[in-house]
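Let's take a walk through this structure together. Have the sequence and the 3D view open, and follow along one stop at a time.

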Amino acid sequence: WKGHRSFGTEVNHAAAQHKKSPKADGRKLNAWTQWGELKECVVGVADNACFPPVQPAMIPEINDPMLRKVLGEWPRGRKSQRCVDAANEELDNLVNVLEGEGVKTLRPEVMDWSQPLNTPFFSVENQYVACCVRDTIITVGKTAIEATMSRRDRYFEILAVRQILRDLWREDPEMLWKAAPKPSMADDMYNLSWWDWTEKDRYEHMHKYQYCITNEEPLFDAADITRCGKDIFVQPSMTCNYAGIEWLRRELAPQGIRVHSAHFPYDLAPSHIDCTFVVLGPRLVLTNPERPIAERDAAFWKENGWDFVDCGQPDNPERPAFSQSSKWLSMNIFVIGPSKVIVEEQEKGLQELLKHRCGFETVIPVPFRNVFEYGGSLHCSTWDTCREDNMVDLFP
Ligand code: NVA
């Protein structure tokens, strides 16, 4: 017993020491906007990626009809090493580009996602990958918020950036670190019948904003949120429910942050706002021509002097066979400063639009199409931990 007590004392002593990581020298967590000068960010990794298992929040489909015929059903287990290497090459290149622009970069821990999960409420045969870090965590001002997540195979994905969070939290005495309540992800959190709705049913329901998740417990992926200083906007979707938005509202209200919902009725299966409504800078948004924001929401932005610029059709609309995202990954760009943006290299039309219509002085093209397989592009694969910006009020 004595030994045990002394062990406890040692642990407390160690925890009280100010342990610095090699990369953590006087760092700050700070990001109020989508456009402040980027100082530090995390870039995802594709290592040990697995196919997402079929589950109530996701019934994946093979996009290529020929391949669908050959394989018969959605594949299981690990993705091929070739597919992982191709994505990692582009992710590593993004790191080099960011470092070249003076942005400090960090990477998630490489974990074994082929392990099954068994919890009191669900089981999945394998997990996914830590590529789209944006979905798991967001910096809102000086607070890091771990999302609940909405898919079972992504339940523990946040652990890949836990060490980064621990280091930051030790380094920055002003940082707040919050984790949204871990959902049970029990069957009653999902609306299984949604998957049987026809396109017509979904169209008829579009103004009700009901998707494959219920409102039983707060649910959100962090990529459903976009930041404009004092105001953040959250999209109800397949990955975010109204209870999730309410949780964010209550948590952030004491800090003076206003949480709004943003609706996109024509997206009949929405998830993640960053291919639909991409805030480029103060009073400027890149909008998706096929997914206009609901009229009532649009009025609020317009009243506050915001301008919307429609994105053109993607130059390359092809979707990798196993990608569960749309052709609009073309819009998933990464603004790294008030006048600087990173765009997928094949999207020439968008690059021109950003330069000539949206006032970006520097548009950096990078190859990223091998990452599309993992459901995201440049914005999805990153988590901005530090930007030079503040709590601007653009909706006074
Ligand atoms: N669900 C979005 C992708 C988000 C990264 C889309 O398919 O457009």
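Predicted model: local features only at pLDDT ≥ 70, side-chain atom pairs only at ≥ 80, totals over all residues.

**A walk from a loop to the ligand**

Is Asn316 buried or exposed? Its relative accessible area is 16%, and buried means under 20%, so Asn316 counts as buried. Leaving aside residues up to four places away in sequence, Asn316 touches Gln346, Glu347 and Arg369. With Gln346 there is also a polar contact, side chain to side chain, at 2.7 Å.

Now for the aromatic rings. The model has 20 aromatic pairs. Take Phe220 and Trp247: their ring centres are 5.9 Å apart with 25 degrees between the planes, and the pair is stacked. This pair links distant parts of the chain, 27 residues apart. Phe220 is in the loop between helix H5 (199-204) and strand E8 (225-228), while Trp247 is in helix H6 (residues 242-252). Both of these residues, Phe220 and Trp247, are buried.

Another pair to find is Phe233 with Phe395. Why is this one called tilted? The planes stand at 55 degrees, which falls between the 30 degrees for stacked and the 60 for edge-to-face, so the pair counts as tilted. The centres of these two rings are 5.1 Å apart. Here, too, distant parts of the chain are linked: Phe233 is in strand E9 (residues 231-234) and Phe395 in the segment after strand E17 (382-388), 162 residues apart. Phe233 is buried at 1% relative accessibility, and Phe395 is buried at 4%. Both also belong to a cluster linked by ring pairs, along with Trp35, Phe264, Phe277, Phe300, Trp301, Trp306 and Phe308.

Some rings have a charged partner over the face. Lys182 lies over Tyr155, at 4.6 Å from the ring centre, and Arg202 lies over Trp194, at 3.7 Å.

Last stop: the ligand. Which residues surround the ligand? They are Ser271, His272, Asp274, Cys275, Arg291, Ser325, Ser326, Leu329, Gly375 and Cys380. Zoom in on a few atoms here. A polar backbone atom of Ser271 is 2.8 Å from a nitrogen atom of the ligand. In the side chain of Arg291, an N or O atom is 3.0 Å from a ligand oxygen, and a polar side-chain atom of Ser326 lies 2.6 Å from an oxygen atom of the ligand. On its own, the ligand has 270 Å² of accessible area, and the protein covers 94% of that.

Notes: Residues numbered from 1 in each chain as written. Heavy atoms only, no water. Phe/Tyr/Trp six-rings, centres within 6.5 Å; stacked < 30°, edge-to-face > 60°. Helix = DSSP H or I, 4+ residues; strand = E, 2+ residues; numbered from the N terminus. Buried < 20%, exposed > 50% of the residue type's maximum accessible area, 1.4 Å probe, protein only. Lys NZ or Arg CZ within 6 Å of the ring centre and 35° of its normal. Polar contact = N/O pair within 3.5 Å; in protein donor to acceptor, adjacent residues only side chain to side chain. Contact = heavy atoms within 4.5 Å. Near = heavy atom within 4 Å. Areas by Shrake-Rupley, 256 points an atom, 1.4 Å probe, with all protein chains shown as cover.
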